[in-house]
Amino acid sequence: MDGGGSEQQGTVTCGSWIRRPENVNWVVFGTKQSTCSVLTVFSYDPNTTSLSSSPLATYVFEAVDGEPVSIAVHPSGDDIVCSTSNGGCKLFELHGQDSNVKLLARESAPMQGIGPQKCLAFSVDGSKLATGGLDGHLRILEFPSLSVILDEPKAHKSVRDMDFSLDSEFLASTSTDGSARIWKTEDGVPVTTLTRNSDEKIELCRFSKDGTKPFLFCTVQKGDKALTSVWDISTWKKIGHKRLLKKSAAVMSVSKDGKYLALGSKDGDICVVEVKKMEICHWSKRLHLGTCIATLDFCPTERVVLTTSSEWGAVVTKLNVPADWKEWQIYLLLLGLFLASAVAFYIFFEKSDNFWNFPLGKNQPARPEFGAFIKDSQPSDDRNIWGPVDM
């Protein structure tokens, strides 16, 4: 395992990756310091699997805002929303490149004074923003206009987790009382409540993101057993479960391409599961020794995860999984296949008589040389071999 943390002072309370143009990735953290709370942006170096030692940009919260609670980054990488313990949510615009990066606060009246939000999430297409409060209040907003689609004060006892489906059609939300609900994002209409046994508590939820398997993954606590259950979103019926982490999960994440599912425990372990086989392919035990993992987020373009905890801060971990094909490798393979085909055709043409062992007839001319096909044809002086035609 390769890992690296940023040089930060104070306690990291939340974090997320930021995807920038040309496959560049940054990281944003909410941090509680001794005298204030700050939002900081760091660059990421894929060669060393580490974050920069100094931030690219910093925003200092006012004392009345309190500390950062949760954070979400728009799929474009240009907008960030952060919930604070006292001041509701703040919206930020990210401007500039490596040498001159700025975090600019933006007015967001519908999100001011709404209280601390346990969960924040943008839809995959970036057109909607959902907020889930500690008070159980659930909201779905159009983005960037922030027009209200759903404003449900009693959606849950207290929102535990939520996630948008790949097509941005559904929002799943879970409660601290163990229930889970599904909502239509277009109009905010509730679709269903997931069924569960009386001894089961649904805790975390993530939709599949590979585009082929329309599933909803949920962690379920059944007595002292921790399960990962799967619902078919075409029927909203549970189709199975499996013990993966084998302990209570504090956070769950799905990679951007949907190939991997990750679970972080309450005592600092993480496991990564290959969705196609539903088998663990990476373990990082005691990554945040004895501390609950608060953030678990897949890097948008690398097989790397970001984790944070109050005790150990931020850690970047390279996963021990098979490497993905790069775009240039695919083009090189196609070029190699084309050249191999051309060589095979030439050899076949040159050796075809010997290979097939066709006998030549008594008056059959020998096969023409290969050069005859590639030489420039000479124009014939006799352009009309049929002679004049009487009309």
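Which strands each supply at least two residues of the lining of the largest pocket? They are strand 2, strand 7, strand 11 (117–122), strand 15 (159–164), strand 19 (200–207), strand 23 (249–254) and strand 27 (295–298). The model is predicted. The largest pocket has a volume of about 1,300 Å³. The largest cavity has a volume of about 80 Å³.

**Largest pocket**
- The lining of this pocket is made up of 46 residues.
- Ser-16, Ile-71, Leu-120, Arg-206 and Asp-297 are the closest to the pocket centre.
- Strand 2 gives the largest share of the lining, with seven residues.
- By class, the pocket lining holds 26 nonpolar, 10 polar and 10 charged residues.

**Largest cavity**
- The count is one cavity of 30 Å³ or more.
- Strand 20 (215–222) and strand 21 (225–232) are the elements that give two or more residues to the lining of the largest cavity.
- The lining has 15 residues. Nearest the cavity centre lie Thr-219, Ala-226, Leu-227, Lys-247 and Ala-249.
- Seven of the lining residues are nonpolar, three are polar and five are charged.

**Largest nonpolar core**
- In soluble globular proteins, nonpolar side chains tend to be buried together.
- The largest nonpolar core in this model has 17 residues.
- Ile-18, Val-28, Leu-39, Val-41, Ile-80, Phe-92 and Leu-103 touch the most other members.
- The elements that give two or more residues to this core are strand 2 (11–20), strand 3 (24–32), strand 4 (37–45), strand 6 (57–60), strand 7 (68–73), strand 8 (79–84) and strand 9 (88–95).
- Leu-103 touches Leu-39, Val-41, Ala-57, Tyr-59, Ile-80, Phe-92, Glu-93 and Leu-94, leaving out residues up to four places away in sequence.

**Aromatic pairs**
- The whole structure contains seven aromatic pairs.
- Trp-17 and Tyr-44 form an edge-to-face pair, because their ring planes stand at 90°, over the cut-off of 60. Their ring centres are 5.1 Å apart.
- Trp-17 is in strand 2 and Tyr-44 in strand 4, so this pair ties together parts 27 residues apart in sequence.
- Trp-17 counts as buried because its relative accessibility is 4%, under the 20% limit.
- Tyr-44 is also buried, at a relative accessible area of 9%.
- Phe-61 and Phe-92 form another edge-to-face pair, 6.1 Å centre to centre and with 85° between the planes.
- Phe-61 sits in the loop between strand 6 and strand 7, and Phe-92 in strand 9. The pair links distant parts of the chain, 31 residues apart.
- Phe-61 and Phe-92 are both buried.
- Ring pairs also bring in Tyr-59, giving a cluster of Tyr-59, Phe-61 and Phe-92.

- Is Asp-79 buried or exposed? Asp-79 is buried, because its relative accessible area of 12% falls under 20%.
- Asp-79 is found in strand 8.
- Beyond its neighbours within four places in sequence, Asp-79 is in contact with Ala-72, Val-73, His-74, Phe-92, Glu-93, Arg-106 and Phe-143.
- Phe-92 and Glu-93 are among the contacts of Asp-79 and also among those of Leu-103.

Terms used: Residues numbered from 1 in each chain as written. Predicted model: local features only at pLDDT ≥ 70, side-chain atom pairs only at ≥ 80, totals over all residues. Heavy atoms only, no water. 1 Å grid on protein atoms, 1.4 Å probe; cavity = no way out; pocket = protein on both sides within 12 Å on 5 of 7 lines; lining within 4 Å. Points joined across faces, edges and corners; volume = space filled by probe spheres on them. Helix = DSSP H or I, 4+ residues; strand = E, 2+ residues; numbered from the N terminus. Nonpolar A, V, L, I, M, F, W, Y, C, P; charged D, E, K, R; others polar. Core = buried A, V, L, I, M, F, W, Y, C linked by side-chain atoms within 4.5 Å. Buried < 20%, exposed > 50% of the residue type's maximum accessible area, 1.4 Å probe, protein only. Contact = heavy atoms within 4.5 Å. Phe/Tyr/Trp six-rings, centres within 6.5 Å; stacked < 30°, edge-to-face > 60°.
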